[in-house]
Amino acid sequence: MIGRVTQQGLQRASLVQLQENISRMAQLQERLTTGKVVLRPSDDPAATVDAMRLRADQRATAQYSRNAADGDAWLTTVDGALGDALTSLRRARDLTVQGANTGSQGPSSRAAIADELRATADSLLEVANTTYLGRSVFAGTSTQPAYTTTAAGTVTYTGRTGAEVLRQVSDTTSVRVDSAGSDVFGVDVVDANGELVRDASGEAVGMSVFSLLREVAAKVEAGDEDVSRFLGDLDSRLNAMLGEVGSVGTRHKQVLQAQDTIAARQITLTNQVSSVEDADLAQTIVDLQIQEVSYQAALGATSRVLQPSLLDFLR
Amino acid sequence: MSSFAALNGAYTSLNAQRIALEAVGQNISNVNTPGYTRQRVSLEAITGGTQPTMTGTARGIGVRVTSIERLGDVFAENKLRSQTSSASRLEAVAGSWRLLETSVKEPGEKGLAAGLDTFFTSWQDVANRPDDTAAKSVLLGNASSLVASIADSYRAAEGQWVATREQAAAIADDVNTTAVAVADLNARIRDAQVSGVPANELIDQRGVLLTGLAALVGGEVRTRTDGTIDVMVGGNALVRGDQTYAVAVHGTSSLAGLTTAGSVPDDGWGSHEGPPRLVWAASGDTTGATGGRLAGLVDTLATDGPFAGMAASYDALATTIATEVNALHSSLPGHDGVTRDFFSLAPGLNPALGLQVAVTDIAHLTTGVPGEVEGSIASGISKLTGARDLWGGAVVDLGVSTRAAVRRAEAAEHTRGIAESQLLSHTAVDLDEESVNLVMYQRAYEAAARVLTTVDEMLDTLINRTGVVGR
């Protein structure tokens with residue numbers, strides 16, 4: 001006997017419908033108060049995966065941003081140090097050219113040139129041992145300063161060739177942020193006593209820029225006729241430095257570009273997370289209004305349907 | 001035929017209409033009583049018992065109440081019970097999934113995914129500054145909090161499993177109590193029917209209990225000729241007449257007991273071993289119940305249920321993270337020349353609970369080539385994705401399963417609602433209808449009274465006024 005409507009049936013049906021109505025209201029209200037559409041994995045499993053992946057990307061990008069800022073600081077330090085080194089080396093070359101004019105110089109002026117050359121060598125050594133946050137920027141992954149002076153006056157390079165300091169700036173790109181000191185400043189070829197190894201004519205076979213300047217100073221002081229033979233070595237050292245400045249500049253640009261990309265990516269990711277997780281406020285408010293109207297209508301209808309019965313009309 | 005037969009006829013009518021009015025009154029009184037089934041008085045005309053005479057033919061001499069019928073529908077009741085049993089089972093399963101889902105706290109900043117990301121990105125900071133003690137201390141702090149949150153999450157799943165297990169045992173007690181009440185009503189209904197007393201209200205009470213029983217444990221109801229019913233669960237009787245057969249939940253009462261249970265021994269599980277299951281208390285055999293909340297809870301307690309599944313995911317996560325981080329961390333010796341694991345798994349515990357940070361001193365952290373400020377190992381660890389992928393997959397599975405379980409439960413509840421409204425449409429009291437009946441029987445009562453008056457006046461004419469002509 002389907003279709004027979006009873007008071008109890010009506011009550012149950014009204015209750016169920018009101019319950020459904022108010023639970024939809026509660027859901028919309030939860031969305032509005034939290035501002036999120038996806039609150040539990042079951043709300044939208046696919047969106048949950050997206051949200052989790054995007055949040056992981058956000059954290060990774062924040063880390064890349066820190067890495068790039070650190071790389072920027074390293075490369076700025078290296079760049080500044082190389083600039084100082086170039087200025088010093090150019091001055092040393094001028095002094096060497098001056099010292100080569102043996103005819104016009106007395107012993108005292110040669111001694112002055114030699115002193116300045118040694119001072120330049122010292123300042124270059126200081127530049128070569130530049131540190132950033134306690135780490136020598138020209139020494140690779142070594143814990144020591146890049147160059148240490150031996151008892152014999154030569155220098156020892158402590159950096160390990162091939163051990164680069166890298167900063168990860170994106171999922172796939174790492175940038176080298178240090179500079180190999182041995183390429184820039186050269187290394188001394190020394191014997192067991194720390195003395196420079198010399199060939200049959202008394203010339204050193206391999207010198208760092210520091211030992212080179214000290215050698216020039218010694219020759220100028222001694223009144224060597226042919227100091228200009230060192231100009232070739234000085235020029236090749238200058239070229240090596242210029243090459244390194246170029247390489248550092250390129251990498252610095254790469255890091256700066258990466259920083260821009262990271263900044264843009266952070267904004268994009270924030271937008272994406274928001275579009276996946278966040279509630280559309282306008283739409284939710286409108287939905288809530290509609291739901292409120294239909295809830296009120298349901299309440300009104302229920303109150304009318306439950307009230308009358310034949311008893312009201314029997315006298 | 002007696003001159004007074006009509007008086008008696010009017011009297012039977014007055015009597016019958018009064019009883020009918022009482023039945024209407026009973027219906028109206030119980031308009032809101034759960035489980036009440038409306039009653040209707042069946043009337044029957046009394047056939048004439050006299051022989052035809054000179055003055056008239058044989059005719060009926062009144063009305064009588066044959067019975068007070070209960071307008072139930074046994075098929076609608078059975079349908080409601082079977083829908084209730086499957087809806088309750090699915091609701092129990094969906095409830096467990098929902099409970100589990102709230103403990104996962106994903107997606108968001110408080111979940112395990114955030115902890116995993118924080119842990120792995122702090123390795124990048126260490127890779128940037130292998131000589132920086134602050135970065136290393138932060139890393140160890142993040143590692144400890146990750147380990148703690150994996151263990152907490154595992155304990156949350158375990159706690160929910162134990163709570164569900166206790167709930168199942170409590171519901172089994174509830175089933176036994178209800179079964180005893182049904183058996184008791186069975187006995188009273190049988191006695192009432194033997195002595196001819198109406199048992200409609202008792203049957204209604206039993207109906208309510210049976211629907212409750214269906215929600216708890218499912219089962220099939222069979223009616224017997226003496227008015228009693230049997231409740232069969234998985235083919236065996238839970239209630240037979242006035243007898244009941246108790247059920248119980250056997251099996252382990254800890255999640256660890258479930259995961260280490262292994263396969264069934266030859267002589268079967270002991271009452272405190274193996275996966276939780278619903279059994280007959282007397283024999284210890286499983287009941288094979290397929291419906292009701294109890295079956296749903298037992299489902300969720302199984303090895304492939306939500307809680308055990310999630311606990312296994314936490315274990316897998318702990319194992320993966322320990323394996324992949326250790327493989328890299330121990331690939332080179334530390335600064336003091338000793339090769340170390342970063343994580344350790346305590347023996348005798350679940351991986352999720354036994355996971356510990358083995359490196360407690362920042363000097364023992366291996367970041368790269370020993371003796372150098374080098375972060376190749378740290379950088380490699382920061383790029384590991386195995387644990388993160390595993391956790392992402394587990395959350396998605398949880399979301400999909402929860403959604404499916406909730407949808408199934410909603411669909412079943414909808415069907416149950418239809419079955420209930422069908423039953424109510426048949427058995428519930430309609431006030432309008434009762435009002436009409438009220439007027440109908442009232443009018444009939446008035447008319448019967450009028451018949452009585454008319455016959456009375458007729459007899460008055462005969463008795464008092466006959467033979468007084470011309471007096």
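Predicted model: local features only at pLDDT ≥ 70, side-chain atom pairs only at ≥ 80, totals over all residues.
Where in chain B is B:Pro107 found? Keep that residue in mind, everyone, and I'll start there. B:Pro107 sits in the loop between α2 (74–104) and α3 (112–128) of chain B.

As background, most residues other than glycine have a negative phi, and most peptide bonds are trans. As for its surroundings, B:Lys105 counts as partly exposed, with 17 C-beta neighbours inside 10 Å.

A:Leu133 has phi near 50°, a positive value in a residue other than glycine. You'll find A:Leu133 in the loop between β1 (131–132) and β2 of chain A. Is A:Leu133 buried or exposed? A:Leu133 is exposed, because 12 other C-beta atoms lie within 10 Å, and a residue with 12 or fewer counts as exposed.

A word on confidence, then. Chain A averages a pLDDT of 88, and 98% of its residues score at least 70. Within chain A, strand β2 (residues 135–136) is where confidence is lowest, at a mean of 86, while helix α6 (residues 231–277) is where it is highest, at 92.

Now, how do the chains meet? On the chain B side, 43 residues are in contact with 42 residues of chain A. The elements of chain B that give two or more residues to that side are α2, α3, α11 (386–427) and α12 (431–464). Of these, α11(B) gives the most, with 17 residues. By class, the side of chain B that touches chain A divides into 17 nonpolar, 14 polar and 12 charged residues.

Let's look across at helix α1 of chain A. This helix runs over residues 7–34, 28 residues in total, and reaches 40 Å from its first C-alpha to its last, close to the 40 Å expected at 1.5 Å a residue. Its buried residues are A:Gln7, A:Gln8, A:Gly9, A:Leu28 and A:Arg31. What covers them includes α7 (281–306) of chain A, together with α11 and α12 of chain B.

On to the inside. The largest nonpolar core has 153 residues, and the members that touch the most others are A:Leu117, B:Ile150, B:Leu213 and B:Leu294. Helix α4 (residues 133–194) of chain B supplies the largest share, 19 residues. From chain B, this core draws at least three residues from each of domain 2 (76–107 + 166–305) and domain 3 (119–154 + 308–393). Apart from this core lies another, of seven residues, including B:Ala20, B:Ala23, B:Val24 and B:Tyr441.

Leaving out residues up to four places away in sequence, A:Leu117 touches A:Ala92, A:Leu95, A:Leu213, A:Val216, A:Ala217 and A:Val220.

Last stop, the domains of chain B. Domain 1 covers 5–71 + 429–464. How far apart do the C-alpha centres of domain 1 and domain 2 of chain B lie? They lie 47 Å apart. Seven residues of domain 1 are in contact with six residues of domain 2, and the domain 1 side of that contact has three nonpolar, three polar and one charged residues.

Terms used: Residues numbered from 1 in each chain as written. Chains lettered and ligands numbered in written order. pLDDT = per-residue confidence, 0-100. Helix = DSSP H or I, 4+ residues; strand = E, 2+ residues; numbered from the N terminus. Buried ≥ 20, exposed ≤ 12 C-beta atoms within 10 Å, placed from the backbone. Contact = placed C-beta atoms within 7 Å. Nonpolar A, V, L, I, M, F, W, Y, C, P; charged D, E, K, R; others polar. Expected span 1.5 Å × (residues − 1). Core = buried A, V, L, I, M, F, W, Y, C linked by C-beta atoms within 7 Å. Domains from an automatic or database assignment.
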